[in-house]
Amino acid sequence: MSRFRLPPIPSSEITPEHIWESRRAWMKRAGQSALAVGAGSLLAGRVSWGQPADGVLAGTPNPRYRVDDALTAEKDVSGYNNFYEFGTGKSDPMEYAGRMQTRPWALRIDGEVEKPVTLDIDDLQKLAALEERVYRLRCVEAWSMVIPWSGYSLSALLGRVKPTSRAKYVQFISAVQPDRMPGLSARIINWPYREGLRMDEAMHPLTMLVFGVYGKRLPNQNGAPVRVAIPWKYGFKSGKSIVGIRLLEKQPLTSWSEIAPNEYGFYANVNPTVPHPRWSQATERRIGSGFFAPRVATLMYNSYGDQVAGLYAGMDLRAHY
Ligand SMILES: Nc1nc2c(c(=O)[nH]1)N[C@H]1C(S)=C(S)[C@@H](COP(=O)(O)O)O[C@H]1N2
Ligand SMILES: [Mo]
C-alpha cells in the first residue's frame with residue numbers, strides 16, 4: 001500500500017462497513033494473485049497484478065451511445081497511446097505500462113461532498129451496471145479513434161457521495177507510482193496528472209468512468225484500472241489511472257493548462273473552428289485507416305453537439321477554448 005500516494009484519510013470519516021470488509025478481502029486477494037501471476041509474467045511486463053488471464057469485462061451494449069464508424073483496431077487502441085507517465089512516445093505506454101500496479105487500487109472521493117469515501121476498485125466497478133459504449137476519441141494532436149469502452153456514467157458515482165451546494169467543479173487525479181513509471185523523471189508535467197470538469201459536464205450522462213475496452217479489462221496503457229472518457233473534449237481531458245476525484249468550489253488548475261495556458265484551456269471542447277496556436281483543428285487522421293487515407297473533417301463537439309451544446313449556451317468558445 002505504501003506505493004500509493006493517496007491523501008490521508010481523516011479518522012473522523014465514516015466509511016461503510018462493507019467497504020472495509022472488502023478492503024480486507026482484496027488485500028488478501030492481492031497477495032494471492034501476486035503469487036499466482038508469478039515473477040515471469042511480471043518481468044515480461046504486459047500483465048497487471050491480479051488480472052485474470054482472459055481479463056473478460058463485459059458491458060451491455062447501449063445503442064444510445066454508439067457511433068457508426070468502424071471501430072479502431074484493438075491493436076491500435078492499445079498500441080498507440082498518450083500516457084506521459086510512461087514516456088512521450090506513442091509506443092512507450094504499451095512498452096512500459098505493464099509495470100504499473102493496478103490491484104489493489106483505491107479511489108478516493110472527497111472535497112465538497114457530504115460523504116467522502118475511499119472505494120476499492122472492485123466495489124467501484126460494481127456500483128452501476130456496466131455498459132459498452134462506442135465513443136469517438138479526438139486527440140488534440142489531430143488524430144482520432146473509435147473505441148468500445150465498458151463502464152458507466154460518472155454521475156452514478158457522484159450522486160452517491162452527495163455533492164454539497166458549494167461543489168462547482170470536479171478534479172481528477174491520476175496515479176503516481178515512482179518506481180513503476182519511467183516517464184515521471186521527465187518533468188514535463190507537474191505530477192500527478194490532473195484534469196477537471198465543471199459540475200454539469202461531470203454529471204452529463206456521456207461522461208463515463210471506464211473499466212474496460214473491447215470487452216476486456218483496460219490494458220494498463222489505456223488507464224487501468226479506471227479512467228475517465230469525455231467524448232466531446234480533446235483526449236487530454238480524460239485522465240487515466242485515477243486515484244482521486246475531488247469536488248471543488250473553484251475551477252482547478254489542470255496539467256496541460258498549467259504547462260501552456262495559451263494552448264490548452266480548461267474547457268478543451270473539440271472545435272474545428274478554433275485552431276490550436278500551432279496547428280489547425282479542422283481535420284483529423286483516423287488511426288489505422290492507412291497513411292494515405294484522406295483526413296476526415298473534425299466535427300463540432302466531436303459530433304456530440306446535439307447532446308452537449310446546451311452546456312455552453314451563451315459562452316464565447318474562443319475565449320473559453
Ligand atoms: N494520466 C494521464 N492521463 C491521460 C494522458 C496522460 O498522459 N496521463 N494522456 C491523455 C491524452 S493526451 C489522450 S489523447 C488520452 C489517450 O487515451 P488512450 O491512450 O486510451 O487512447 O489519454 C489522456 N489521459
Ligand atoms: Mo491527446
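Modeller: Here is a walk along the strands, then the ligand, then a few side-chain contacts.

Some housekeeping: residues are numbered from 1 along each chain as its sequence is written, while chains are lettered from A and ligands numbered from 1 in the order in which they are written. This is a predicted model, where local features need pLDDT of at least 70, side-chain atom pairs count only at pLDDT 80 or more, and totals for chains, interfaces and linings use all residues; side-chain values use heavy atoms, with hydrogens and water left out.

Let's start with strand S11, residues 242-248. Strands here are DSSP runs of E with at least two residues, helices are runs of H or I with at least four, and both are numbered from the N terminus. Five of the seven residues of S11 are buried, so the rest of the structure largely encloses this strand. Buried means under 20% relative accessible area, exposed means over 50%, and partly exposed is in between (1.4 Å probe, protein chains only).

S11 has a parallel partner in S2 (residues 106-111), with four bridges between them. Two strands count as paired if DSSP finds at least two bridges between them. Along this pairing, Leu247 of S11 has Gly111 opposite.

S11 also pairs with S6 (residues 169-174), this time in the antiparallel sense and over six bridges. Leu247 turns up again here, as the bridge partner of Val170. Another bridge in this pairing joins Ser174 to Ile242 of S11.

Now stay with S6, where six of six residues are buried. In a regular strand the side chains alternate between the two faces of the sheet. For S6, one side carries Tyr169, Gln171 and Ile173, the other carries Val170, Phe172 and Ser174, and all of these are buried.

S6 pairs with S7 (residues 194-198) too, in the antiparallel sense over five bridges. Val170 faces Leu197 of S7, and Ile173 has Arg194 as its bridge partner. S7 is largely enclosed by the rest of the structure, because five of its five residues are buried. Arg194, Gly196 and Arg198 point one way from S7, Glu195 and Leu197 point the other way, and all are buried.

An N or O atom in the side chain of Glu85 lies 2.8 Å from a nitrogen atom of ligand 1, and a backbone N or O atom of Asn82 is 3.3 Å from one. There are 18 residues around the ligand, and Asn81, Tyr84, Glu85, Ser238 and Lys240 come nearest; being near takes a heavy atom within 4 Å.

Ligand 1 sits in the largest pocket. On a 1 Å grid over the protein atoms alone, a pocket is an open set of points with protein on both sides within 12 Å along at least five of seven lines, and a molecule sits in one if more than half of its atoms lie within 2 Å of its grid points.

Last, two buried spots with side-chain contacts. Thr118 in strand S3 (residues 117-120) is buried at 3% relative accessibility, and its side chain makes a 3.1 Å polar contact with the side chain of Arg108. A polar contact is a pair of N or O atoms within 3.5 Å; within protein, one must be able to donate a hydrogen and the other to accept it, and residues adjacent in sequence count only if both atoms are side-chain atoms. Thr118 and Val243 are 125 residues apart in sequence, yet their C-alpha atoms are 9.4 Å apart.

Gln281, in the loop between helix H7 (255-259) and strand S12 (283-286), is buried at 1% relative accessible area. Its side chain has a 2.9 Å polar contact with that of Arg138, and also reaches the backbone oxygen of Val140 at 3.0 Å. Arg138 belongs to strand S4 (residues 131-138) and counts as buried at 0% relative accessibility.

Technical notes. On a 1 Å grid over the protein atoms alone, a cavity is a set of points where a 1.4 Å probe fits but cannot get out, and a pocket is an open set with protein on both sides within 12 Å along at least five of seven lines; lining residues have an atom within 4 Å of a point.
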